Amino acid sequence: MIQLQKISKHYPVGFGKNEILKDVDLTIEEGEFVSIMGPSGSGKSTLLHILGLLEEPSAGQYLFQGERVDKMNEKKRTQLHRGAIGFVFQAYHLIDELTVYENIETPLLYKSLSGSERKSKVADVLDRFNMVAKKDLFPNQLSGGQQQLVGIARAIVAEPRVILADEPTGNLHSDQAKVIMELFKQLNEQDKITIIQVTHSDLNATYGNRIIQIRDGHIQG
Amino acid sequence: MFTSYLKIAWRNLWKQKMFAAVNMTGMSIAICAALLLSLTAYHEWSYDNFQENRDHVYQLYRQDNTSKGVRVNKSFSEPMAGVLQKEVPGVKRVSRIAGGDMPVRYKDKNIYLDVEMVDAAFLQMFSFPLQKGNQQTALGSLDQLVLTQKTAEVLFHQENPVGKAVEVKIGDNWKPFVVSAVTDNIPDNSSITFEALARFENVEDYSNIRDNWNVSSYPLMVQVEPALDAAAFNKSLLPVAHKYLADLISSLKSTGGIPDKDGELLRINSIALKDVHLSPYSTFGSGLRSFYPWMMLMLAGLIIGIACINFINLSIARSFTRGSEIGLRKALGAMDRQLMLQFWSEAFLLCFVSLIVSLLLAVVLLPYYNATFQHQLSFQLFHNGWIVLGTALGFFLVTLLAGGYPAWKIARVNIIQVLKGKLSLNRGSGVRNGLIVFQFMVAALLISCTAVVWQQMNFIRATPLGYNTAQVISIPADNASPQSRIAFRNKVASEPSVESVTGSILNLGIGKDGSSGNWTRGFDYKGGHLNTQCIVVDYDYAKTLDLKLVAGRDFSRQYGTDSAGVVINEQLARQLNEKEPLGVILNPGGQPYHVIGVVKDYHFESLHKKIEPLMITMDPQSRMNYLFVKVNTNHPAAAMERITAIWKEVNPLAKNDPGFLDENTDRMYRQESRFSKIFMSGAVLAIVISCMGLFAIAVLVMAQRRKEIGIRKVLGASVGSIVMLLSRDFLKLVLIAVLVATPISWYLMQRWLNGFAFHVEIHWWLFASVCLLAVVIALATTSLQTVRAALSNPADSLKID
């Protein structure tokens, strides 16, 4: 499903450049649950951003579902963001001005679904996450764990093929983290959604079926 | 989608009430001001638009190229009209226009009407449609009178006015007229106004001016064939000038007139009716200069610009706090233009609310606006589709400017940086600072202009004019008969507060009748040619007005021959170049006058002009258009009341009230005082809106620098030093703004002041104080925030991250 071939990423620093990723080759099959691990500054977040088409690689090829996406134009990239890729962030990144319901609805608005379709999809997701009672609350009225649940609900409502999660439990305590990780496992096993998460926690990494270690921009082993 | 944007926009506004309030108040005030100003400009430009022949009807004026520059004369002699009609090809119709306020009586009703004496073609030249009567014959005979609908209603109520006999008092005689037609009311944007029309031959002095090429007393309007353009028309007037004004041309030649580039000493030029309103050379002009509507528009633009800058700065600054929302939306699949649309729609919402508020505000303020600036605006103007369209378009542009730039900037930010929360306020502060500088530059410009205008107005009021303005009451005589003038003199003389009474054919300043004039005569003296202004006065003129005689004496009843005497001013005495001017014989108009006195120069005209030569002759039998009464009392209001009562008693037909001369002289500077009021209001608005913006920016910057301030305090910085540090950035901007504004305002004001022969000098300390003022205002605005930030407990600010 995802194929990275000799992907590099560097930023200009002064007259030189700061290499973040060097010649990364990586293949992820459909239905995998992959955890990317590594120390701070090793390039794991950058790798995730490249996988999510939020950043362009400086060199190398990226094939998503067999298609070259590393040099895609904005319009096509946006199409992938709307349909195929869902994001979950460490800091949740919910829109403070919108209610739970409206936050979950937002990606569907960008997909230009009809009102009734949106309604039924959001209702399904709310139902599944047991959040129907909270649908009219604003993010700041929720606990961190609940906010992240909303974040995940928002990520899956558009029925993506892959979810990219950047330390999804980083701001949560262990009980909440466990709930979230169970949810990811369930999404992976029941809904067959490919999940790629960046994590520091060995425990979280065990929920997945493959671990990628990254160090100084290189994939280890 | 759009409803979702609006929802977010609305909730955002609620959440950030302070910013919303600053933006909306600023915008509302600005839009309201801009609306009123642009409506005013539009109104000035719309003058005479309703005239179908506005492109083909011209007012003529004569331009003499004298040795001292161009002299313009707006009046022509009586036979000129006939000559043009006969001898100039392409001339279709001609009309002279004379007249003024005259009493009109019908049965026992007696009212003053503005009766204009015109030629028969008038109704065909100008678009004043008739409601009743026949356009071809309405002014066919000399005893016909045309009324406007309004005056017909006042005079006849429900009766049919056509065919009714009325009388008009022209000069000292009542003349019978028959109402022949009724016109629609005159649009308020008409340069030519009247309440009644009669034939030109009815003018009081018709027997004197008829076929007389030596007297030029009335303006002349000409309609030409549409094929003839202004330049060609002006050219075809040259032969007429050469043929009929040869005397004038030769006198110009003999006095050293400087010919123009075509070798002409005298030209007859034309002003198209559509340009008459803003033309300085037209009798029917408003006295407004043509840059005035432009100035209004510029001021409107500046004020809107300042409000837009607030909007832009605040939107950008605030959007950084919404960084995660922007980044997230991008990750969820929002295109750049969708984000732009979202942020623009927020701006639109805010601007739209402001527009509504400003419209309400404008409706409420309009009467005060009209009263303060002497405009006659009404919201009738909105019946004009173009204005509505223009307003809508202008509004759309404002939202595009105010919302578009921030939206564009926001939509382009790097998604990774916002998601990581690395976006900082310091990015793009160059633009922000530039915009703040611009705001304060405009404010400083308006403050210094206001200051100069204000100084000049004070200077004008304080300059001794050379005659007594505080104690002298001027009374427009309004067609009073000689008997009633004599009766008034006798009655007033017995009042204890009255010191003396006199009369003159011309007023000083502009009285409540709103008219002013001058009379210039030329005569030969010892081989040279002199031009001088003239007035004819009654006994006691110098005494009543406290004029100082530097030589000789005033007119006196003890000398029987004083009607052959003349008092001249120092300026004329200098031009005579005589060692002893007393006893010199002057021959204006072929009649000898001997100089009996020299009066110290006084400003008988406005301070726009240098003091010109003046000769004062005395003729108690002459028609005194204005009476002057000097009172000596501690209760001027009571004296004024008493004199008004006496005047009304002897002349019940009097239309205009007496007034003190200082009011008259003030009236000469109406344009300037209107000017200064507009500047002042503009300056205040600019300052207030700029300060609101500065305040809000200060709030944001303080929030941004909370942590830095905390660290500095922990490291031992004092409150004072932190306030200094924080204020410095803002002060720097204000100082730059003042520095940029200074030369611009100096240049503009120097040009304005050059319009006055007597004016104040612009001093450096003016700009220094403007600078100080701007700094103080900026400091006061930001200090609330800086001091609060400096006093805050560092523990609070450092805990956050």
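In which strand of chain A does A:Lys6 lie? A:Lys6 belongs to strand E1 of chain A, which covers residues 2-13. The model described here is predicted. The phi angle of A:Lys6 is near 50°, a positive value in a residue other than glycine. A:Lys6 is exposed, because 12 other C-beta atoms lie within 10 Å and a residue with 12 or fewer counts as exposed.

A second residue can be described in the same terms. B:Asp546 has a phi near 60°, again a positive value in a residue other than glycine. B:Asp546 is placed in the loop between helix H17 (541-545) and strand E16 (549-552) of chain B. With 16 other C-beta atoms within 10 Å, B:Asp546 is partly exposed.

**The contact of chain A with chain B**

Where the two chains meet, 17 residues of chain A are in contact with 17 residues of chain B. On the side of chain A that touches chain B, the elements giving two or more residues are helix H2 (74-83) and helix H3 (100-110) of chain A. Sorted by class, this side of chain A holds eight nonpolar, five polar and four charged residues.

**The domains of chain B**

Chain B is divided into domain 1 (1-47 + 290-423), domain 2 (57-278), domain 3 (436-463 + 669-801) and domain 4 (472-667). Between the C-alpha centres of domain 1 and domain 3 of chain B the distance is 24 Å. Their contact takes 21 residues from domain 1 of chain B and 16 residues from domain 3 of chain B. On the domain 1 side, two or more residues come from each of H2, helix H10 (291-319) and helix H12 (336-373) of chain B. H10(B) gives the most to that side, with ten residues. By class, the side of domain 1 of chain B that touches domain 3 has 15 nonpolar, six polar and no charged residues.

| Helix pair | Angle | Distance between axes |
|---|---|---|
| H2(B) (17-45) and H21(B) (670-714) | about 165° | 10 Å |
| H12(B) and H13(B) (385-411) | about 145° | 8 Å |

The angle of about 165° between H2(B) and H21(B) makes H2(B) roughly antiparallel to H21(B). The crossing of these two helices is left-handed. Among the residues of H2(B) that take part in the contact are B:Met18, B:Phe19 and B:Val22, while those of H21(B) include B:Leu685 and B:Ile689. The residues of this contact divide into ten nonpolar, three polar and no charged.

The crossing of H12(B) and H13(B) is right-handed. In this contact, the residues of H12(B) include B:Phe343, B:Trp344 and B:Cys351, and those of H13(B) include B:Phe395, B:Pro406 and B:Trp408. By class, the contact of H12(B) with H13(B) has 16 nonpolar, three polar and two charged residues.

**An enclosed helix**

Is helix H11 of chain B largely enclosed or largely open? Nine of the nine residues of H11(B), residues 323-331, are buried, so this helix is largely enclosed by the rest of the structure. The buried residues of H11(B) include B:Glu325, B:Arg329 and B:Lys330, together with B:Ile326 and B:Leu328. Just after H11(B), B:Gly333 takes a positive phi of about 105°.

Definitions and conventions
Residues numbered from 1 in each chain as written. Chains lettered and ligands numbered in written order. Predicted model: local features only at pLDDT ≥ 70, side-chain atom pairs only at ≥ 80, totals over all residues. Contact = placed C-beta atoms within 7 Å. Helix = DSSP H or I, 4+ residues; strand = E, 2+ residues; numbered from the N terminus. Nonpolar A, V, L, I, M, F, W, Y, C, P; charged D, E, K, R; others polar. Buried ≥ 20, exposed ≤ 12 C-beta atoms within 10 Å, placed from the backbone. Axes fitted to C-alpha atoms, helices over the stretch in contact; angles between N-to-C directions. Parallel < 35°, antiparallel > 145°, perpendicular 65-115°, else oblique. Left-handed = near helix turned anticlockwise from the far one by under 90°. Domains from an automatic or database assignment.
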